[in-house]
Amino acid sequence: MNISHHFDDATLMAYASGSLPQGMALLVACHLHWCPHCRQRLAEAEAIGGALLAQIEPMSLKADALKSVMDRLDLEEEIPLPQIRPVQTATDLPAPLHHYLQTNLDHLPWKRLGYGVHHIDLNLKGPGATRLLKIAPGVSVPHHTHAGNELTLILRGSYTDEFGRFSAGDVADLDGEVKHQPIVDTDQDCICLIATDAPLKFTGLMGRLVQPFIGL
Ligand SMILES: [Zn+2]
C-alpha cells in the first residue's frame, strides 16, 4: 500500500491521550493498521505524553474517588452494533473496521443518499457522525466546510480535491477552516470512512439542497 497522506500531530496526540470521539478513534486505528509511518509517530507521541505525565505533581484524591469512578463505569451504556449480516469472506478492510462490521465492503446494506452516493451510518456515540460513504466515478461531494474536525480514510478507489490525490490507505485530516470538494477520479467507486466531531456545513446551492438529506 502506497500511503502519502497522514494525520497531523494534533490528531495523533489526541488519539494517544484517548480524547478522540469513538468514530475518530476507530478511523485512526484503521489507518495505523496500514501505516507503519504513523505507528512510529504514535509511539513517539506516547513517549512525549508519558514524559509529561511523569512531571505532574501527584495530588490527593477524595476518600470515595474509587467508588465514584466504579459507579460511573456501571453507567456507561452499551453501544448498539449496526444490523449487518455476518459473511465469512476475504476482506479488504483494515482489521479494526472488519472486526466492527463483521463483513466486507461488498456485503454492506448501502443506503442511497443522492445521485451516485450511498452511505452507511455506523451509529457510534457522538459528538459528530461516523459513516461509510460510497461515491460513484465522476461524482463529486458538494462543497462543504467543517464546524469541527473531519477525518477521512480512503478504503477503496480514490478521489482528488484541492489538496491532491487520495487513494486507499490515505487520510485527509481537515479542520473547520478548510473548504473542499472531492471528486472521484477513476472508473471505480470510492469508498471512505468519514468521522467528524461536529456536523458538516455545506456551502453553495447544491450543498444547501442536499444538507437536509445527508445530515453529515
Ligand atoms: Zn500514516
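Strand β3 (residues 130-135) pairs with strand β11 (residues 190-196) in the antiparallel sense, over six bridges. Within β11, Ile-191 is the residue opposite Lys-134. A word on terms: two strands pair if DSSP finds at least two bridges between them. Helices (H or I, at least four residues) and strands (E, at least two) are DSSP runs, numbered from the N terminus.

Before going on, a note on the model. This is a predicted model, where local features need pLDDT of at least 70, side-chain atom pairs count only at pLDDT 80 or more, and totals for chains, interfaces and linings use all residues. Residues are numbered from 1 along each chain as its sequence is written, and side-chain values use heavy atoms, with hydrogens and water left out.

Back to β3 and β11. They belong to an open sheet of six strands, in the order β1-β2-β3-β11-β5-β8, with antiparallel pairing. β1 and β8 are the edge strands, each with a single partner, so one side of each has no neighbour in the sheet. On average, neighbouring strands here are turned by 25° against each other, direction ignored.

Leu-113 sits in it. Is Leu-113 buried or exposed? Leu-113 is buried, at a relative accessible area of 17%. The cut-offs: buried is under 20% relative accessible area, exposed is over 50%, and partly exposed is in between (1.4 Å probe, protein chains only).

Now the helices. α2 lies across β3, β5, β8 and β11, and runs at about 45° to β5. Axes are lines fitted to C-alpha atoms, for helices over the stretch in contact, and angles run from 0 to 180 degrees between N-to-C directions. Contact means heavy atoms within 4.5 Å.

On to α1. Thr-11, Leu-12 and Ala-14 are buried there. Down the helix axis, the buried residues of α1 fall within an arc of 160°, so they line one face. That arc is taken from the directions from the helix axis to the C-beta atoms. Asp-9 and Ala-10, on the other side of α1, are exposed. What covers the buried residues? The cover includes α2, α3, β5 (150-156) and β8 (171-174). Just after α1 comes Gly-18, with a positive phi of about 75°.

Next, the metal. Which residues hold the zinc ion as protein donors? They are His-6 (ND1), His-31 (NE2), Cys-35 (SG) and Cys-38 (SG), 2.1 to 2.3 Å from the zinc ion. Donors are N, O and S atoms within 2.8 Å of the metal (3.2 Å for Na, K and Ca); water is not among the atoms, so sites may look incomplete. The site is tetrahedral, with angles of 99 to 121° among the four donor atoms. Four donors count as tetrahedral if all angles lie between 85 and 135 degrees. His-6 is in the segment before α1 (9-16), and Cys-35 is in the loop between α2 (22-34) and α3 (36-55), so the pair ties together parts 29 residues apart in sequence. His-6 is partly exposed at 25% relative accessibility. Cys-35 is buried, at 1%.

Last, the other sheet. Three strands form an open sheet in the order β7-β6-β10, again with antiparallel pairing. β6 and β7 make a hairpin with two residues between them. Four bridges join β6 (residues 158-161) and β7 (residues 164-167). β6 and β10 pair over two bridges, and Thr-160 stands opposite Ile-183 in β10.

Key: Four donors count as tetrahedral if all angles lie between 85 and 135 degrees; four count as square planar and six as octahedral if opposite donors are over 155 degrees apart and all others between 65 and 115; anything else is irregular.
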